[in-house]
Amino acid sequence: MTDVQSKVPASVAMLKVLEAWGVDHVFGYPGGSFNSTMNALDIEKNNIKYVQIRHEQVGALAAAADAKLTGKIGVTFGSAGPGATNLLTGLYDAREDHAPVLALIGQVPSTNMNYNYFQEFNENPIFDDVSVYNRTVMTPESLPYIVDKAIREAYKYNGVAVVIIPNDFGYVEIPDEPYSSVSPTDNKKRPLPEATDEEVDKFLAMVKAAKRPVFHVGRGIKDGGKAIAELSKKLQIPITITGLAKGLVPDEYEGNLGFLNRAASKAADEIFAVSDLVIAVGADFPFANAIYRTHPFKFIQIDTDEAQFGRHHYLDFGIWSDATSFVEKALDRSEEVAPTPFFKAAVADMANWKEYLNMLMNRETEPLEFEPLYKAINEAADPDAIFSIDVGDNIINSFRFLRLTPQNKWVISALFASMGAGVPGALAAQLSYPDRQVFNISGDGAFSMVMQDLLTEKKYNLPIINIVTSNQALNFIKSEQDDIAMNEHSGIFIDDQDFAMIAKAMGIESATVTKSSELKAAFDQALAVTKAGKPFLIDAKITDKRGIPVEELELKVVDGKLVESINANYNANKTLVRPDSLEDFFASYNGQSLKSLPEFFDEFGVTMD
């Protein structure tokens, strides 16, 4: 007598593969071409959670955010036709930010393929560019195998894997076998390259020969933020950072000057503009082709990926190494440098900038401005709070005003910069970290794109604090149009909405804030509601003022002296007034206390020879 092998639907076998890889929830929206998987999700509902979002783009952005926050694969799905194409924005976000994501795509039954059937089309070419793995399942028996292979490829390349599933295949009974290839070795850390003694010594020699060296530190520093701060102090090299490194290098370290370009601190942009040696440490800087080309300097790059060498600037010296191990070796092999005038000037410049930011945050404003709002967020946030920050001015303002440490997690759509990423990121954060406080910070333009998914927060009782910075403008673009010789702004003003009322109509408690004195009561209410396990929304009606655009400052040497001025294109829009002097520029942003870099150089005796 022979045993009869048990069987399961192929889609159930596929879900068991996901479960073996540690996936406990998937984001998606059902469609007729995906019903075999929906049936499997019902069968496996005790083992894997289906999260019903209200738009496939939200599901894909949430899966990408999940991967960024946890390091584990995020999973999303869409049905054939529009369900599939709606995923693309979120999948490109995952591709650009190197997040492992699995996208399961519905297809009409195999018996109807190539007959121009309803919603049937050739899906593979659409996903070719966005994916590292892209396959259509050819037999029911291969479905779990292909999904397992897709997950491995997504992890290997930190990218998007796409599996297209003819709907009829998922119903077919196949042997109930362990199709997953999950192995204990999957948890092993991959060995990272390390710098040699000779490479570190050459780096130190180049630093010694430089007069104005600057670090540019990216997220590749990982847990080495304190170590590079120590090296910065020891070698008297100021630190500038990329946006994704926020919170990794201690904000309180005096030599951490912050960010470059539009989201910059004044000190970072100024000091970088006069550097003669830039040391990029684990940094992938998407604005490098503009910022790195402003003036000549020698360039050292430390990276784990040799293919990145010279990507952003002509390379003088490349070191193939993990960033933190390089920093630790440099600490061991270096001698302490006496305090330098250049480093002192950089520190003083940054201290002046921080005093300015603190002044802005601690003012009472009516109507409400964004700086007191960020102070209220900082006061309401737990030490390990998670922040999902949408695209627009909130990125600039979060980089400048949001308090982040290595205890926090935060997520943005970094390189793809997709508006509408705030709500999906918060969904992912609260589902993957249910015991931690989660904030979504979105502008009114970005929030309007995805606000239907407040219902998802309500449906699953996700206690997210949603903050909508509502200023009736696409302000990030408005600021760009400020500096173009246009007769007036075009297409950037949007109609106001009562987001608090909209939230209430969805069954979500909310509050509207129009002046800074109302912030405490609103956040107290938000904390009480979210501690009770429900989402909350604050409609913060802020002005559409522009934060000080320090990227418009220019520095050049005239007759041996450093001179600072304003870019000729600043306020070129004909509706605006151009300031007559640097002092007027600062004053127009309440920056009467700000000093120019030449003043600091004069104070500390820094010369430009």
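Helix H3 is followed by Gly 71, whose phi is positive, near 80°. That is one detail of a predicted model. The report starts with this helix and then widens out to the domains.

**Helix H3**

H3 covers residues 56-70 and has 15 residues. From its first C-alpha to its last, the helix reaches 21 Å. That is close to the 21 Å expected at 1.5 Å a residue. How many residues of H3 are buried? The count is 13 of the 15, so H3 is largely enclosed by the rest of the structure. Buried here means under 20% relative accessible area.

**The domains**

| Domain | Residues |
|---|---|
| domain 1 | 7-175 |
| domain 2 | 197-350 |
| domain 3 | 366-541 |
| domain 4 | 552-604 |

**Where domain 1 meets domain 3**

The C-alpha centres of domain 1 and domain 3 lie 30 Å apart. Between these two domains there is contact: 23 residues of domain 1 touch 28 residues of domain 3. The size of an interface is often given as the accessible area lost when the parts come together. For domain 1 and domain 3, the buried area is about 2000 Å². Carbon and sulfur atoms give 67% of that area. Which residues of domain 1 lose the most area to domain 3? They are Arg 54, Val 58 and Leu 69, together 30% of what that side buries.

What about charges and polar groups? The count between domain 1 and domain 3 is zero salt bridges. Polar contact does occur between the two domains, in ten residue pairs.

Several elements of domain 1 build the side that touches domain 3. Strand E2 (25-28), strand E3 (49-52), H3 and helix H5 (88-96) each supply at least two residues. Which element gives the largest share? It is H3, with nine residues.

**Ser 470**

A single residue shows the local detail. Ser 470 is found in strand E18, which spans residues 464-470. Is Ser 470 buried or exposed? Ser 470 is buried, with a relative accessible area of 2%. The side chain of Ser 470 makes a polar contact with the side chain of Asp 444, at 3.5 Å. Neighbours within four places in sequence are left aside in the next list. Beyond them, Ser 470 is in contact with Asp 444, Asp 496, Phe 499, Asp 539, Ala 540, Lys 541 and Ile 542.

How values were computed
Residues numbered from 1 in each chain as written. Predicted model: local features only at pLDDT ≥ 70, side-chain atom pairs only at ≥ 80, totals over all residues. Heavy atoms only, no water. Helix = DSSP H or I, 4+ residues; strand = E, 2+ residues; numbered from the N terminus. Expected span 1.5 Å × (residues − 1). Buried < 20%, exposed > 50% of the residue type's maximum accessible area, 1.4 Å probe, protein only. Domains from an automatic or database assignment. Contact = heavy atoms within 4.5 Å. Buried area = accessible area lost by both parts, 1.4 Å probe. Salt bridge = Lys/Arg side-chain N within 4 Å of Asp/Glu carboxyl O. Polar contact = N/O pair within 3.5 Å; in protein donor to acceptor, adjacent residues only side chain to side chain.
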